[in-house]
Amino acid sequence: MKKFISLLAVCAVSVVSLAGCGGSQGSTSSSVDAVEKYGSDTLKLYNWGEYLGEDVISNFEEQFGVDVIVEYFDSNEMMYTKLLSGDSYDVLVPSDYMIERLIKEDRLQKLDLSLIPNMEYLADGVKNLAFDPNNEYSVPYFWGTVGIVYNHNNVPKEVVEEQGYSVLKNTDYKGRIYMYDSERDSFMVALKALGYSMNTENEDEINEAYNWLVELNNTMDPVYVTDEVIDNMAGGAMDMAVVYSGDAAYILSENEDMSYSMPAEGTNIWVDSMVIPKNAENPKLAHEFINYILSYDASYDNSSTVGYASTNKEVLADMSGEGGEYEGNEAYLPRENYEKDEVFNDNEVLRQMLSELWIKVKASQ
Amino acid sequence: MRQFKTMAYPYVVWICLLIVAPMLLILMYAFTTKGNSVTTIQFTFSNFAKFFSDPIFLDVLKRSLIIAVATTIICIILGYPAAYIIANSEGRKKYMLIMLVTIPTWINMLVRTYAWMGMLQDDGLINTILGFLGIGPIKMIHTGFAVILGMVYNFIPFMILQIYTSLTKMDKSLLEAASDLGANKVQAFLRVTLPLSLPGVISGITLVFLPAVSSFFIPKLLGGGQYVLIGNVIENQFLTSGDWNFGSAISLIMAVIIMISMYVTKKLDKGEEMMGGGGK
């Protein structure tokens, strides 16, 4: 029996220390108050990898006397699968089209906007977007575009501007490109290169895009990456890469040889927003967290560390304005009001076709 | 003895919960579709038809099998001499060598594979050394070479340890008898040592082939997403596409292939034992 008890003790200790790993220190001061105020002192956040400022989480923990457990995903689809399998989180940060789908499937809670006073700082470009017309369910976290980062010493600027997305199929740069390992973004590139809408439901157009990508795969030997692209391009590993604008802003600030291009064929304007799923265990604290992320300091820390455009209009102005951290950085500010740019919609035909076709693109040889 | 039997119950429950139940779920998913708004699930063979009717998936299967076979063969070629040397060394040296083989397996496979990523990089350790020697950078990362290297590196301890065990179990006096009867060292090795160590080689093959054929993170990291193997397709169905039915069907196909290959190796094992003349 003694042995059994000591075994239990060992288990208990390891559970406690595991919990300690997920969260962090600083919850000593007022965790009792937090339980009283919010019903619990733990917040579970499911966020993108490489998406948080250095002190954002620890400051929140200190300020509110709570623990934050952060888990990371690297695609919306992965996040969705995890959510579906029954895992519970308090705050998720999916993209536009995924939020549309989650709303349609009734998996999100309506927000109590009176608990999020910092909404008044929300930038105009991300207000009331089509996927959530009145911001009833979601509060934007970051926004940006998708484009091509290239080493202007090896790939002349004129070539990139002239050829647009087709430069990715220019065999002069065979074996020198990164593609983003995401079905949405890769098909966006192909559909735009072919002059179609990236929200098409036309199967012929999607198949044409599929062939475009297969040809790219077979002639160019691209390497499919996700977040590795950030450090590798900052280190100059390849000549070109399809990246999100924020990653590009970071790469450009680290490596002077790199430039960013939003092709004239149009691109994806995307918004990643914070939402509270129906099965959240701690919605009150979740509102507090959303409000906190939108505050000037947290949003500044996030944007400055990660490089994506802030959704707080004051931060956005300070960052890109004179003397700002990203002044003159061509990737930081999203392109506004360009008619060929689109936001992803959730449509079932596209969704199902893409998920089947993408693995086949990568598997073809 | 009888009272000890009850001690197996927790194990039986454990097995049912963690192995049998998931297997049954996979079986169920593989033969059904998600269904529509009217019925929730429907019985179907379409998941299998989808796999076998698509040349791309068959190509992936072929590629996975080729890479797994290549890995296994290389592991035998490199692992056998290593095991032989270890088995024939003495005292401290022997333990040192065994330690050298097992220590890497104490570290997480993913971490060790990441280390290879760093070394094989175009500007990584190996190319830096080669550059120092005046040999131009060689493209290694994101090639089939890197994938096989990663697999051999990760799985070779299983091969070495299996062969080593069967070599140490061997009765040394058989070798003395062989030389008494006039066999030279090569003959003694070919006629005595090799046949007696084959059971070790065969269990080594099972231990290397199985993880190699279904590995998904080694091709993902070292192959740069270009070397899509069957494990990656399964991973994709579960994590990205969310098509658990198709993913389960592929898993089931793999399970059948693995069972067949295990049956064949077992047959080989039995056949060899009879030929070996009951050396044990």
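**Exercise 1. Two domains of chain A**

Task: State how far apart the C-alpha centres of domain 1 of chain A and domain 2 of chain A lie, then describe their contact.

Solution: 
- The structure is a predicted model, in which local features need pLDDT of at least 70 and side-chain atom pairs count only at pLDDT 80 or more, while totals for chains, interfaces and linings use all residues. Residues are numbered from 1 along each chain as its sequence is written, with chains lettered from A and ligands numbered from 1 in the order in which they are written.
- Start with the bounds: domain 1 of chain A covers 2–141 + 271–320, and domain 2 covers 146–268 + 335–363. Such bounds come from an automatic or database domain assignment.
- The C-alpha centres of domain 1 of chain A and domain 2 of chain A are 29 Å apart.
- Domain 1 of chain A brings 16 residues to the contact and domain 2 of chain A brings 14. Here two residues are in contact if their C-beta atoms, placed from the backbone, lie within 7 Å.
- On the side of domain 1 of chain A that touches domain 2 of chain A, helix α5 (residues 96–104) of chain A gives the most, with 5 residues. Helices (H or I, at least four residues) and strands (E, at least two) are DSSP runs, numbered from the N terminus.
- By class, that side of domain 1 of chain A has 6 nonpolar, 4 polar and 6 charged residues. Ala, Val, Leu, Ile, Met, Phe, Trp, Tyr, Cys and Pro count as nonpolar, Asp, Glu, Lys and Arg as charged, and the others, Gly among them, as polar.

**Exercise 2. Where chain A meets chain B**

Task: How many residues of chain A are in contact with chain B, and which element of chain A gives the most?

Solution: 
- Count each side: 18 residues of chain A touch 16 residues of chain B.
- Find the elements: α4 (76–84), β7 (223–225) and α14 of chain A each supply at least two residues of the side of chain A that touches chain B.
- Of these, α14(A) gives the most, with 6 residues.
- Sort by class: the side of chain A that touches chain B has 7 nonpolar, 5 polar and 6 charged residues.

**Exercise 3. A helix pair across the two chains**

Task: Describe how α14(A) and α12(B) cross, and list the residues that meet.

Solution: 
- The axes of helix α14 (residues 348–363) of chain A and helix α12 (residues 230–241) of chain B come within 10 Å and cross at roughly 150°. Axes are lines fitted to C-alpha atoms, for helices over the stretch in contact, and angles run from 0 to 180 degrees between N-to-C directions.
- From α14(A), Ser355(A), Glu356(A), Ile359(A) and Ala363(A) meet Val233(B), Asn236(B), Thr240(B) and Ser241(B) of α12(B).
- The contact of α14(A) with α12(B) therefore divides by class into 3 nonpolar, 4 polar and 1 charged residues.

**Exercise 4. Buried or exposed?**

Task: Describe the burial of helix α7 of chain A, of strand β9 of chain A and of Asp87(A).

Solution: 
- A residue is buried if 20 or more other C-beta atoms lie within 10 Å of its own, exposed if 12 or fewer, and partly exposed in between, with C-beta atoms placed from the backbone.
- In helix α7 (residues 183–193) of chain A, 11 of the 11 residues are buried.
- The buried residues of α7(A) pack against β5, β6 (177–180), α8 (203–220), β8 (240–244) and α14 of chain A.
- Just after α7(A), Gly195(A) has a positive phi of about 85°.
- In strand β9 (residues 258–261) of chain A, Met258(A) and Tyr260(A) point one way, Ser259(A) and Ser261(A) point the other way, and all are buried.
- The strand β9(A) runs antiparallel to strand β5 (residues 146–151) of chain A, with 4 bridges between them.
- Asp87(A) lies in the loop between α4 and β3 (91–92) of chain A. Asp87(A) counts as partly exposed because it has 14 C-beta neighbours inside 10 Å.
- The C-alpha atoms of Asp87(A) and Asn279(A) are separated by 8.5 Å, although the two residues are 192 residues apart along the chain.

Technical notes:
Two strands pair if DSSP finds at least two bridges between them.
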